[in-house]
Amino acid sequence: MEMCFLRALLFVALSAWTLADDGQVTFVSELSSKPAQKLSKYGWYGNVRLQRFHIPEETAIARWLFSVTKGNNFNCGKHNVTIHIQYGAPPVINPTGKVFPNATLWSPPLSLILPVTSQSSTTFNLSNPAPGAWFVGAHLPEHDGRIEQKGFPSCSYLFQPQLSIRRAVDTPIMQQEFASSLSVSVSDCSSGEAADDGNCSLVLRLGSTSLQQRPVTVNCSGIGCSATLSNPPWDTWLRVVVESGLDNRTVTFSIVSNYTVGCKPKSVGLKVDDDINKLRSKSNLTNSTSADNDTVVTDVVAPSNDSASLLTPLLASACVWSIPVLYEELDVLSMRFTPANGPNVSVTDTHPTLLTYPLHTQATGGTLNLQLTLNTVILDLNHSQPCRTALFGGYGVRVNVSDPKAVVRLPFPHSDCGNASLVSVVPEVFISACVEDCGKYGECRLLRSYSYLYAACVCKTGWSGWGCTDGSSAQSYGRQLTATLLLTLSNLAFLPATVVAVKRCFITEASVYLFTMFFSTFYHACDQPGVAVMCIMDYDALQYCDFLGSICSIWVTILCMARIKDIFKYTLFMLGALLIAMSMQLDRKGLWNLLGPVICAILLMVTTWVYRGVRRRHCYPPSWRRWVLFLIPGAVCALVGVCLYIFAETEDNYYYTHSLWHILVASCVVFLLPPKEKNREALGWSRGWSWTWSWRPQVCGYTLCQNDKDELYTVT
C-alpha cells in the first residue's frame, strides 16, 4: 500500500481586492527574467527550451509574460509556439502522441498555444501559487525532417519568459502540528458600516495552486464560514487566504483554527543517533562516506521484526512505523535508496510502515523507478490505503498473491511528496537519468538549463517515444543495411577521379582524393544509427577527417585548374590545408568552412584565367571543346550537388541525396581536372626496361634533371 504523510505548517495570508493604508498585510513586488533563447522544432525533448523559476513562500500572485520574437523573416511560415508550465519538475510532454513505456505514469502539464507574428506575447496569471520551483518549456511544432545546414539563413524565433510576483512580507503564522483533521473558521466579520454588517462577501481558501491541485474554496455570504480538511498535508506550508470583494473598505474579522492529532509518528522526539547505532548493531550495516558515494540515513524510528526488543515500548502509541532509508548518490541523476535494515520490509495488520525517500529538487530531472515485490502470501491487503492527502493525490501501487510484482516509473518526479508506506514487500527505489537507459534503440543524453540538469532520450532508426519504445515508424534491418551500403559504396566514385589525377601526373591531388574516399566511407559506416554499423576508430576522429578531406579535395582541384607555378601551387596546398584544419577544429559544420576555401580558390582561378586571356588576347581555356565537354558539365555537377546538399536533404531521404552528393562531387572532379601539362610525362618504360622519370620541374631556378640521356632516376 501507499500513503503520503506531510507535516502541517499553517500560515494565514489575509488579503483584499482593495486594501486600506493600514491593512494587515503588506505586499512587495519582485521581477525575474530569463535570457532570450532560440526555439527549435520539436523532434525530441532536447528541442524544448526549458527555464526554471523560483516562487518564494507567501506569494499571493504570480504573473508570467511570454514573448516570442522573429529573429529574421527568411523562409518563415506561420507557426505556433507551444508553452508548457509545470510545478515541481520539468513538464512531461507528448506533442507527437507517441506511446510511453510500460508502467510509466505521467500527468500532462498546462499548455498554452501562442500564434507568432513578427512579435507576439501572452500572459499567464496564477493566484496563490505553490512555493518552490516552477518550470517553463517552449518549442515550435513537430520537426518536418528537413536538414538545415549550419550558418545558412533560416527562420528563427526567440523566446523570453519573465515572472513578476506579489509577495506578502508580514504573513502571520499559526501553530505547527501533526494534524489528522484541520478546521479553519472565519467569524465576526465587519466592514465598518452597520448596513453591511453580516454580509462581508468573504472568500476562504485553504491550500496553494500547483496546476495539479486547487485550493479548497468556501464562500462566506453570512457573518462567517469554515472549511475543514481531513488528513491535511504534513511537512509543508498550508496557505490560508481570506479575500474580500468590498471596494475601498476595511474589513475586520476573526480567524480560528481547530485541529485533531490522530496520528503522530514516533520518529518525532526520539534520539535518532541512538536508534541508528542500535539499528546498525542489529543489521551489521556499514555507513560509508566518500567523495564519490555519499550515504545518508534519514527518519529513523524502529527497525523491523529482527529488532523486536526496540519495538516493544512503541507498540502502544505508534500509528506508523518508520524504517530508516539510506540513499546513495551514484552519479549525475543517479541515486539508489535502500532500507537500512535489509531488503525485506514487513509489518503486521495493525500498523502501516513508513519509508521516507528524500527526493531533492536536483533529482527531479531524472526518472523515479519503484519496484515492489511481495515476499509473503499470508497477508490480507484489503486494507491498503492510497497515497493521498486533502490537497494532493499520489500514485497508487498494489501487489497481491496473483500479481506479486509491480513496477512504476515517474519521469521528472515532483519533489513535494516523497514519503511512501509499503506493506510486506521488497521495495526497490532508485533514480535513473532515463527510462531503462532508453533501450537499444535510443541514447540517454544529459541536458542542462543553466545550473539545472535533466535527461532525455534521443531515438534512432525511426523509433520514438519517451523511452524509445514506440516502433510504429521503425526502420527494418533491410532498410538500415541499404542506407549503410549507399552511403559507403557511393564514395567509390572517387576512384575514377584518382585514376585520372594519376594519369595526368597530379599525384598530390590523387592522394587527397584517396584520403577523402577512405575516411568518408568509414565515417558513414560508423555514423549509421541502426545495427548496420562499423567503426574502425573514434567517431569524432572519423567525422573530422571526412570533413577535412572533402573541403581539401575541392581546394586542391580548383587550384589545379588555375594552372599556377608549382612552387606557388604546393605552397597554397599546404597553407590552405592548415587553415582548413584550423577552421574544422573551431566549427566543422559551419557553412563558411566550405564556402570560404571555395570562394578563395575560385577567385584565384578566375584571376589567373583573366590574366592569361588578356595577355594572349584570347579566351582561356582557348578550346571550345574544353568548355563544352568538360568545364560546363563539371560545373553543372558541382552546382547540382551543392543544391542537393544545402536544400534537399531531409532525415527520410538523407541516404539517397547524400549518396548522390558523393557521386556528383567525385564526377565533377573528373570533368574539371585540367589536362596533363606538356612538359610533364607520366612514368613509363624506357629502353632497357628501366623506369625513367622525364619530368623536369624548376625549383628556385634550378633544373632537377639536366640530361635525360645521362641521368636517369631509378625506381626500386
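This is a predicted model: local features need pLDDT of at least 70, side-chain atom pairs count only at pLDDT 80 or more; totals for chains, interfaces and linings use all residues.
Helix 9 and helix 10 are roughly antiparallel to each other, a term used for angles over 145 degrees between axes, with those under 35 counted as roughly parallel, 65 to 115 as roughly perpendicular and the rest as oblique. The axes of helix 9 (residues 624-648) and helix 10 (residues 654-672) cross at roughly 155° and come within 8 Å, where axes are lines fitted to C-alpha atoms, for helices over the stretch in contact, and angles run from 0 to 180 degrees between N-to-C directions.

Residues are numbered from 1 along each chain as its sequence is written, and side-chain values use heavy atoms, with hydrogens and water left out.

The protein chain has 10 helices and 33 strands, taken as DSSP runs numbered from the N terminus (H or I of at least four residues for helices, E of at least two for strands). Of its 716 residues, 46% count as buried, that is, under 20% relative accessible area, with exposed meaning over 50% and partly exposed in between (1.4 Å probe, protein chains only).

The largest nonpolar core has 50 residues, and those with the most contacts inside it are Tyr 513, Leu 548, Trp 555, Ile 580, Met 584 and Leu 673; such a core is a set of buried Ala, Val, Leu, Ile, Met, Phe, Trp, Tyr and Cys residues joined through side-chain atoms within 4.5 Å. Among the helices that each supply at least two residues of this core are helix 6 (539-562) and helix 7 (566-587), and helix 6 gives the most, with 14 residues. Trp 555 is in contact (heavy atoms within 4.5 Å) with Leu 572, Phe 573, Gly 576, Ala 577, Ile 580, Pro 597, Cys 600 and Ala 601, leaving aside its neighbours within four places in sequence.

The axes of helix 6 and helix 7 come within 10 Å and cross at roughly 150°, which makes helix 6 roughly antiparallel to helix 7. The crossing of this pair is right-handed, and the residues of the contact divide into 15 nonpolar, two polar and one charged.

Turning to the strands, Thr 82 lies in strand 7 (residues 80-87) and counts as buried because its relative accessibility is 15%. Not counting residues up to four places away in sequence, Thr 82 touches Leu 112, Ile 113, Gly 137, Ala 138 and His 139.

Some backbone details deserve attention. Most residues other than glycine have a negative phi, and most peptide bonds are trans. A cis peptide bond, with omega about -5°, joins Tyr 620 and Pro 621, and Pro 621 is in the loop between helix 8 and helix 9. Asn 128, in the loop between strand 9 (119-127) and strand 10 (132-142), has a positive phi near 50° and counts as buried at 6% relative accessibility.

How values were computed: A crossing is left-handed if the near helix is turned anticlockwise from the far one by less than a right angle, and right-handed if clockwise. Ala, Val, Leu, Ile, Met, Phe, Trp, Tyr, Cys and Pro count as nonpolar, Asp, Glu, Lys and Arg as charged, and the others, Gly among them, as polar.
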